[in-house]
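Biologist: I have a model open and would like to learn how to read its features. Could you take me through a few of them?

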Amino acid sequence: MADHTVTLDTSTSPAGISYSDNFNVAVPFIDRHLAEGRGTRVIIRQHGGGTVTYAELAENVNRAGNALTGLGLGPGERLLMMVKDAPEFFYAFWGAIKAGIIPVPLNTLLRAKDYAYMIDNSEAAGIVYSAEFAGEVEPAIEAAAHKPAVILKAAGDGDSLLGQMAGASADLDPVAAKPDDDCFWLYSSGSTGSPKGVVHAHKDMVVTSQYYGVETIGIGEKDVCFSAAKLFFAYGLGNGMTFPLWSGCEAVLFDGAPTPDAMHEVIETHKPSVYFAVPTLYAAQLRAMDEREPDLSSLRACISAGEALPPDLLKRWTDATGFTILDGIGTTEILHIFLSNRDGDFKPGASGKTVPGYEGRIVDDDGNEVPDGETGSLMIRGDSLLKQYWRNPEKTAAALQGGWMYTGDTYYKDEDGFFFCCGRSDDMLKVGGIWCSPVEIEAKLVEHPKVMEAAVVGRADDEELIKPEAFIVLNDAGDASDALTGELLEHCKSGLARYKYPRWFNFVDELPKTATGKIQRFKLRDG
Ligand code: 3UK
């Protein structure tokens, strides 16, 4: 077989996927389109900006790879990316991969402290960031002990990546790789401890794009994909970049905050056929529709992931728009969705059935499969699982057991094969589809001089969506007041990523604890 090729046997479902021995995934995702005559077709439609064709993309990827190499980055070295949803995200990510450099897209909503940790943990050789995020990225670079050799703005004149690309060659041979070689990382959070680098292989984006994108959602050449979830999330990376690239269709990019009105404007302007969002955003869009009815007629599918989609929200969306929403669960470790509802085969409240190519088991504490209808831990097997958590053999061994991934989610399966989510096995929260560690919010609250202790749990709001709620013990109980609540709110908003602040504050005399002093958050949740 020629180098860097994927062969699909579509006579079976899931399709049989085989790879050439020498396999750099930038070739099938980027260069293949030129060979298949798609050069003049549009891949990127930037909201408020221009378009990029497949030929322009391929050239810019080559220039980016050459620019990064020219600056001194070498194969296997990490390039952290705090880059907004814009063409330069594609150039940096694929240019790095084609040159053997490991791109690591980071959540652009994080704070300097988070970035400093990731710089040190990854020992990144390079950082590329959009100017919008300089206020958090630049202090992080100052604070980190490890000093990346290459620091570069993504866009702008002169020293930026785009500036360097202008002077770089438009030809680049893909660096030799194996399908299972390290390709890119994403960071994933845990309830305690620090974020973990999730190492993915070259083949993983092929697996998710084919099994979920093509075989589950039916994404094809005529589709236009728009993801409200940004590209730095595993969810957005698939929705807004790898699925369109795999299927040879278009991606709409929007670099602003995903407000309901902005989403409606983008949909009306660019007429996407497949829309990907999170439950919190669907709920906010419904509220905005009370003011103005958007034209959503270009859509053929609405998809939700990141947190459970409440059945009532699904019903209200369907009543208002005529569309169903296909809920599916994915994780950063498995890269994309592995349980999904389908058009004509869905149940409200369920995460759906297994996606082709994945197997799911629900097990008890001893690892034995439980009968249908009983809850247990969800384990998943498939070909897109992480290789490892970077330099974390303990967490890797706990998560990957005999080829199965322990998701940390509690589930049951009904007699029809539908999986139902019953929540996390740990205390982690998903707020608007984004991880939120109670421990991190508690630590921020305790920094306030009037706070002695704090516990944070998830509480369902009026729309059944989970938000953080704080229980606070003050040094002096007499200080409890609405003014102090306002002060604590500001304290959290200014020091944490913006989705993490508590929506409710309760002042209490003490927190429930175990004999060993561990906060019993479940008692606060249930109480
Ligand atoms: C939770 C869900 C119920 C669940 C993701 C689509 O969310 C993604 O990845 P993360 O690593 O989080 C994974 C965790 O989020 N979760 C996600 N989707 C659902 N819970 N119903 C859902 N539909 O706790 C899971 O373990 O941020 C989503 C595609 C790729 C992804 N990485």
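Modeller: Gladly. Helices (H or I, at least four residues) and strands (E, at least two) are DSSP runs, numbered from the N terminus. Val439, for instance, lies in helix α13, residues 438–446. Before we go on: this is a predicted model, in which local features need pLDDT of at least 70, side-chain atom pairs count only at pLDDT 80 or more, and totals for chains, interfaces and linings use all residues. Residues are numbered from 1 along each chain as its sequence is written, and side-chain values use heavy atoms, with hydrogens and water left out.

Biologist: Is Val439 buried, partly exposed or exposed?

Modeller: Buried means under 20% relative accessible area, exposed over 50%, and partly exposed in between (1.4 Å probe, protein chains only). Val439 has a relative accessible area of 30%, so Val439 is partly exposed. Its C-alpha lies 7.8 Å from that of Ala455, although 16 residues separate Val439 and Ala455 in sequence.

Biologist: And what about Thr396, buried or exposed?

Modeller: Thr396 counts as buried because its relative accessibility is 14%. Thr396 sits in helix α12, residues 393–399. Thr396 and Val198 are 198 residues apart in sequence, yet their C-alpha atoms are 9.5 Å apart in space.

Biologist: Where does helix α8 have a kink?

Modeller: The bend at a residue is the angle between axes fitted to the seven residues ending there and the seven starting there. In α8 (residues 234–247), a kink of about 30° lies at Met241, shortly before the proline Pro244. Helix α8 is largely enclosed by the rest of the structure, because 14 of its 14 residues are buried. Just after α8 comes Gly248, with a positive phi of about 75°.

Biologist: Which residues other than glycine have a positive phi?

Modeller: Glu123 is one of them, with a phi of about 50°. Glu123 belongs to the loop between α4 (112–122) and β7 (126–129), and is partly exposed because its relative accessible area is 36%. Glu464 is another case, with a positive phi near 65°. Glu464 is in the loop between β26 (451–460) and β27 (466–474), and its 52% relative accessibility is why Glu464 counts as exposed.

Biologist: Which residues does a cis peptide bond join?

Modeller: Ser13 and Pro14 are joined that way, with omega about 0°. Look for Pro14 in the loop between β1 (6–9) and β2 (16–19).
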